[in-house]
Amino acid sequence: MHTLAFLVFLFLQPAAHRAVEPPVPFYDWGACPFEGCTYRRWQAVKPVTVWTGRDHRHVAFTIKPKEWTRGITGVVLTVRPGITRVLVKMTLGDKPQVVLSSGDVLYTLHDLGEGYDLFWFHGKTYSDQISGEADDGPPPAGAQIQIISRPEYVWWVKVRNAKGQVGWTDQTDRFTNMDQFAWNRRGSAALESKICASRTQMRPF
């Protein structure tokens, strides 16, 4: 149903507003697709299968839980871009920026974290906070954008174990220590908890 709605939507768009579609699959080399994501030493929390290439054909090695490995680099591979329609004139993009008109079509490629998306418009990529729930029905009053669909993508990472073996895996949800801000977040949460506990224990004179 959604696929048919997308095709009808694009067909009905005036030629002036039809953005050039990104190549599919779209490869974002070196991307680390969430806020604080960084390539460094990662620790497995579940068994991880590592393949010789970015497919599931030949297993190179496995990583055991609690084993440390090195995240070298990666690529976010978009197999189906999302579609977002601009409803009012606006400027989007965090260096560079782009001026958009009502009716323009953006192709979202993948999440970047904190509500940001990487999106494609007329042959160039930009990033801004345009992520949200998809809804191909009539947009609510006052809406500035309408998210018709969300992108479908996979994140492949290149890793190296302690033996020097190198391979690729898409089981990225099985690692920890990927977020460079995690310690600060945990520390802030712990500090806030201690402050709240201290305030609870305080009594007026």
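Leaving aside its neighbours within four places in sequence, Asn-161 is in contact with Phe-61, Glu-67 and Thr-69, where contact means heavy atoms within 4.5 Å. This is a predicted model, so local features need pLDDT of at least 70 and side-chain atom pairs count only at pLDDT 80 or more, while totals for chains, interfaces and linings use all residues. Residues are numbered from 1 along each chain as its sequence is written, and side-chain values use heavy atoms, with hydrogens and water left out.

Back to Asn-161, which sits in the loop between β13 (152-160) and β14 (166-169). Helices (H or I, at least four residues) and strands (E, at least two) are DSSP runs, numbered from the N terminus. Although it is a loop residue, Asn-161 is buried, at a relative accessible area of 8%; buried means under 20% relative accessible area, exposed over 50%, and partly exposed in between, with a 1.4 Å probe and protein chains only. Its side chain also makes a polar contact with the side chain of Gln-165, at 2.7 Å (a pair of N or O atoms within 3.5 Å; within protein, one must be able to donate a hydrogen and the other to accept it, and residues adjacent in sequence count only if both atoms are side-chain atoms).

Zooming out, the protein has 2 helices and 15 strands. Of its 205 residues, 38% count as buried. Among contacts with a separation of 6 or more, 63% come from residues 24 or more positions apart.

Now for a sheet. Five strands make an open one in the order β11-β10-β9-β6-β12, with antiparallel pairing; two strands pair if DSSP finds at least two bridges between them. The edges belong to β11 and β12, each with a single partner strand, so one side of each has no neighbour in the sheet. From one strand to the next, the twist averages 35°, with axes taken as lines fitted to C-alpha atoms (for helices over the stretch in contact) and angles running from 0 to 180 degrees between N-to-C directions.

Within that sheet, β9 (residues 105-113) and β10 run antiparallel and are joined by 5 bridges, with Gly-113 partnered by Tyr-116 in β10. Strands β10 (residues 116-121) and β11 (residues 124-128) are also antiparallel, over 5 bridges, and here Phe-121 stands opposite Lys-124. The hairpin of β10 and β11 has 2 residues between the strands, and His-122 takes a positive phi near 50°.

Asp-135 is partly exposed, at 43% relative accessibility. Not counting residues up to four places away in sequence, it touches Gln-146, Ile-147 and Ile-148.

Finally, the charges. The structure holds 3 salt bridges, each a side-chain nitrogen of Lys or Arg within 4 Å of a carboxyl oxygen of Asp or Glu. Arg-150 takes part in a network with Asp-111 and Asp-117. Its closest N and O atoms with Asp-111 are 2.7 Å apart, and that pair links the loop between β12 and β13 to strand β9, 39 residues away. Arg-150 also meets Asp-117, at 2.6 Å from N to O; Asp-117 lies in β10, so this pair ties together parts that are 33 residues apart in sequence. Asp-117 is buried, with a relative accessible area of 0%, whereas Arg-150 is partly exposed at 23%.
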